[in-house]
Amino acid sequence: MSKKKRKIVVEDIYFDSDGTDLEVSILKSDGSTTTGRALNCKHLPLTTALRTILGGAANLEAGLQYLKNNLKGEDATTENKGIVALATASEVQTGTNATKAVTPSTLKTLTGNANRIGLLQLATETEAKAGENTAKVITPSTLKAALNELSLPNSIEYGMGMDYVDNISVSFSAGQRFDNTYGYIGKATSEKIKKISETWKEGSNSGGRATNAPLTQDTEYYSFEIINIAEDKVDYGWDIVIDAANLLSDAAVSGYTHYRLRGSIFTESDSTDILPFNRTGNYFALRDSILPIDRVEGYLARTEEVIKVPTGRKVIIDGTLLYKTGSAVTTRAIWISSPDVNDQTIDKEGFCTAVSNANPIPTPIQIMTNTSGEISIKTTDDVCTFLKIYIHGWYDFELG
């Protein structure tokens, strides 16, 4: 009995996992499929919809040999479509083979590290804060979360100082600052000069005073940096309230929504001219010392006296004390302190400095004020020839 001849329908042809042998999926007459293999194939036509009818083949191996001998194609290049072998994971990681193709599974093995470029996983917010993982990368949002976790000062900056220009103007220098409060990196690309004699207007050589902050003599004006976060801009101005509410109301139309306290300036006691000063870091030096306390009475009871220094935060005054008693007794005492210090009993030996009715020796003092710009004074006598406190400047450590 002779065998019935069949047609073999090749359902699909594809390379195996190592890219050397050809797998052939054959559709049988009953609808099922079987698989054969052609070893060490070098070429494959560019279609997965290929159908090949092998008529009268003596056996499957003969059909596969036919495929091996007759199905040819060109190798793929950067200019031509063609046939490629699949790169192994090792070849993908080495990154030197220029003829094989990368699959998703082998690409996944190409992880980046200090020695090679590759795929990296994003760190979670928790991992960014912990700062221990050495294989994952952070995003802007996880960086911000990590920085907020640190005990940073309100801001870190260089440049961005302020100095007296003339009786109506102050200069604010260029610089850069990271602000931990707002997670903002501010950049002042050039110096700006603002005038207290005019109401606020954006830009240099323009007004800086809030509309609702009238210009009067012997007045403290808070100096502010104001921030337009959306457009990465800074400007400056003055207000008479420490939260810059009036100034921001004027500047909101130009997109300025946040503020930072830069210090305080004062107008002269007899005019609206700016009291001249120089600033170095957190020290504000007055070009001409002021004399806020000048009297011929003592302080038998502890008394808080207002002096002409910034308010709304505590500063350390830099001053000189001159005190001469009216008593013939050779030794008397005066005690000067911060209002935050508890009251104490003083005697002739003195707490701060011993004085007499002879010409006094100037005594340097550095005292921390309260937020109302006050210091405490107490003496052993209720009368004196004179009691003078000169202020040369102040250290302002609580800027925004």
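Predicted model: local features only at pLDDT ≥ 70, side-chain atom pairs only at ≥ 80, totals over all residues.

Colleague: Let's begin with T103. Why is T103 called buried?

Modeller: Buried means under 20% relative accessible area. T103 has 18%, so it counts as buried. This residue lies in the loop between α2 (89-94) and α3 (104-108).

Colleague: What makes the pairing of T103 and S105 a polar contact?

Modeller: The cut-off for such a pair of N or O atoms is 3.5 Å. The side chains of T103 and S105 are joined at 3.1 Å, and a polar contact of 3.0 Å joins those of T103 and T106. Both values are within 3.5 Å, so both pairs qualify.

Colleague: What makes the backbone of D232 worth a remark?

Modeller: Its phi is near 55 degrees, a positive value in a residue other than glycine. D232 is found in the loop between β12 and β13, a hairpin with four residues between the strands. A244 also has a positive phi, of about 60 degrees, although it is not a glycine; A244 lies in the loop between β13 and α6 (245-251).

Colleague: Why do you describe strand β12 as largely enclosed?

Modeller: Nine of the nine residues of β12 (residues 220-228) are buried, so the rest of the structure largely encloses this strand. In a regular strand the side chains alternate between the two faces of the sheet. Here E220, Y222, F224, I226 and N228 point one way, while Y221, S223, E225 and I227 point the other way, and all are buried.

Colleague: How do you know that β12 pairs with β14 and with β13?

Modeller: Pairing needs at least two bridges. β12 and β14 (residues 258-266) have eight, in the antiparallel sense, and β12 and β13 (residues 233-239) have seven, also antiparallel. As examples, Y221 has I265 as its bridge partner in β14, and F224 has G237 in β13.

Colleague: What makes β15 and β21 edge strands?

Modeller: Five strands form an open antiparallel sheet in the order β15-β16-β23-β18-β21. β15 (277-280) and β21 (363-368) each pair on one side only. Within this sheet, neighbouring strands are turned by 35 degrees against each other on average, direction ignored. β16 (residues 283-297) and β23 pair over eight bridges, and F284 stands opposite W394 in β23.

Colleague: Which residues touch the most other members of the largest nonpolar core?

Modeller: I336, L387 and I389, out of 38 residues. Strand β23 (residues 383-395) gives the largest share of this core, five residues. There is also a second, separate core of 13 residues, which includes Y222, F224, L247 and L261. In soluble globular proteins, nonpolar side chains tend to be buried together.

Colleague: Last one: which residues does V306 touch beyond its sequence neighbours?

Modeller: Leaving out residues up to four places away in sequence, V306 touches S372, G373 and E374. V306 lies in strand β17 (residues 303-306). The C-alpha atoms of V306 and E374 are separated by 4.4 Å, although the two residues are 68 apart along the chain.

Terms used
Residues numbered from 1 in each chain as written. Heavy atoms only, no water. Helix = DSSP H or I, 4+ residues; strand = E, 2+ residues; numbered from the N terminus. Contact = heavy atoms within 4.5 Å. Core = buried A, V, L, I, M, F, W, Y, C linked by side-chain atoms within 4.5 Å. Buried < 20%, exposed > 50% of the residue type's maximum accessible area, 1.4 Å probe, protein only. Axes fitted to C-alpha atoms, helices over the stretch in contact; angles between N-to-C directions. Polar contact = N/O pair within 3.5 Å; in protein donor to acceptor, adjacent residues only side chain to side chain.
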